[in-house]
Amino acid sequence: MILIWLPFLVLLLDRITKIAVVSGMAEGESIPVINNIFHFTCVLNPGAAFGMLPHNRVFFLGIGIAAVAVIWWMRRDILAEGWKIRIGTALFLGGTLGNLWDRAQTGLVIDFFDFRIWPVFNVADIAICAGVGLILWGMLQNGYWEK
């Protein structure tokens, strides 16, 4: 069940925050929350993480669709795993869907969390990273690399 509602909760939170950012800020605009530490900065990212491989919309759409398809294909195996892998996969799926939505709609991913020492990111990116972390933690605890 978690593979159904959690990804859509992540997608909903991601969409709400991105809509709020683009409707209330101009591209490149930055609003300090804690000056020189944390800002909301509107960035339209044409690439992957950290802006890598910019303007490869079709490639990134393909990767996102492939990731969703693999999760769908492996859903029974994933659901048989422990909570870390199930929740991690659900977070990863929700984040992937969030950024996939942006890429399908405009080819640009909306980023806005800006800690000044790290590239600007969004809710979907947080979910993807947390999801991968949980999956890896679950795999380590289950001894997947010892088999």
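Which backbone nitrogen lies 2.7 Å from a polar atom of the side chain of N45? The nitrogen in question belongs to G47.

## Basis of the report

This is a predicted model, in which local features need pLDDT of at least 70 and side-chain atom pairs count only at pLDDT 80 or more, while totals for chains, interfaces and linings use all residues. Residues are numbered from 1 along each chain as its sequence is written, and side-chain values use heavy atoms, with hydrogens and water left out.

N45 is found in strand 2, residues 38-45. Helices (H or I, at least four residues) and strands (E, at least two) are DSSP runs, numbered from the N terminus. With a relative accessible area of 10%, N45 is buried; buried means under 20% relative accessible area, exposed over 50%, and partly exposed in between (1.4 Å probe, protein chains only).

Besides the backbone nitrogen of G47, the side chain of N45 reaches the backbone oxygen of A48 at 3.1 Å. A polar contact is a pair of N or O atoms within 3.5 Å; within protein, one must be able to donate a hydrogen and the other to accept it, and residues adjacent in sequence count only if both atoms are side-chain atoms. When residues up to four places away in sequence are not counted, N45 touches G51, G107, L108, V109 and D111, contact meaning heavy atoms within 4.5 Å.

## A network of salt bridges

Side chains of opposite charge can pair when their charged atoms come close. The structure holds four salt bridges, each defined as a side-chain nitrogen of Lys or Arg within 4 Å of a carboxyl oxygen of Asp or Glu. D14, R15, K18 and D102 are linked in a network of such bridges. Within helix 1, D14 and K18 lie four residues apart, about one turn of the helix, and the closest N and O atoms of their salt bridge are 2.8 Å apart. Both D14 and K18 are buried.

D102 also forms a salt bridge with R15, with the closest N and O atoms 2.6 Å apart. Because D102 lies in helix 4 and R15 in helix 1, this pair ties together parts that are 87 residues apart in sequence. D102 is buried at 1% relative accessibility, and R15 is buried at 12%. In the salt bridge between K18 and D102, the closest N and O atoms are 2.8 Å apart. That pair links distant parts of the chain, with K18 in helix 1 and D102 in helix 4, 84 residues apart.

## Nonpolar cores

The largest nonpolar core has twelve residues, among them L3, V10, L11, I71, L97 and L134. A nonpolar core is a set of buried Ala, Val, Leu, Ile, Met, Phe, Trp, Tyr and Cys residues joined through side-chain atoms within 4.5 Å. Helix 1 (2-24), helix 4 (83-105) and helix 5 (123-141) are the elements that give two or more residues to this core. Leaving aside neighbours within four places in sequence, L11 is in contact with G94, L97, G98 and W101. A second, separate core of nine residues includes I110, F112, F121 and V123.

## Aromatic rings and nearby charges

The structure holds nine aromatic pairs. Rings of Phe, Tyr and Trp (its six-membered ring) pair if their centres lie within 6.5 Å; planes under 30 degrees apart count as stacked, over 60 as edge-to-face and the rest as tilted. One of the pairs, F59 with F60, is edge-to-face, at 5.3 Å centre to centre and 65 degrees between the planes. F59 is partly exposed at 45% relative accessibility, whereas F60 is buried at 10%. The rings of F115 and F121 are stacked, because their centres are 6.0 Å apart and their planes at 10 degrees. F38, F40, F112, F113, F115 and F121 form one aromatic cluster.

The charged end of R75 sits over the ring of W72, 3.9 Å from its centre, and K84 lies over the face of W137, at 4.6 Å from the ring centre. A charge sits over a ring if NZ of Lys or CZ of Arg is within 6 Å of the ring centre and within 35 degrees of the ring normal.

## Positive phi in two loops

Most residues other than glycine have a negative phi. L53, in the loop between strand 2 and helix 2 (57-73), has a positive phi of about 50 degrees although it is not a glycine. L53 is exposed at 51% relative accessibility. R116 has a positive phi of about 70 degrees and is placed in the loop between strand 3 (109-114) and helix 5. At 40% relative accessibility, R116 is partly exposed.
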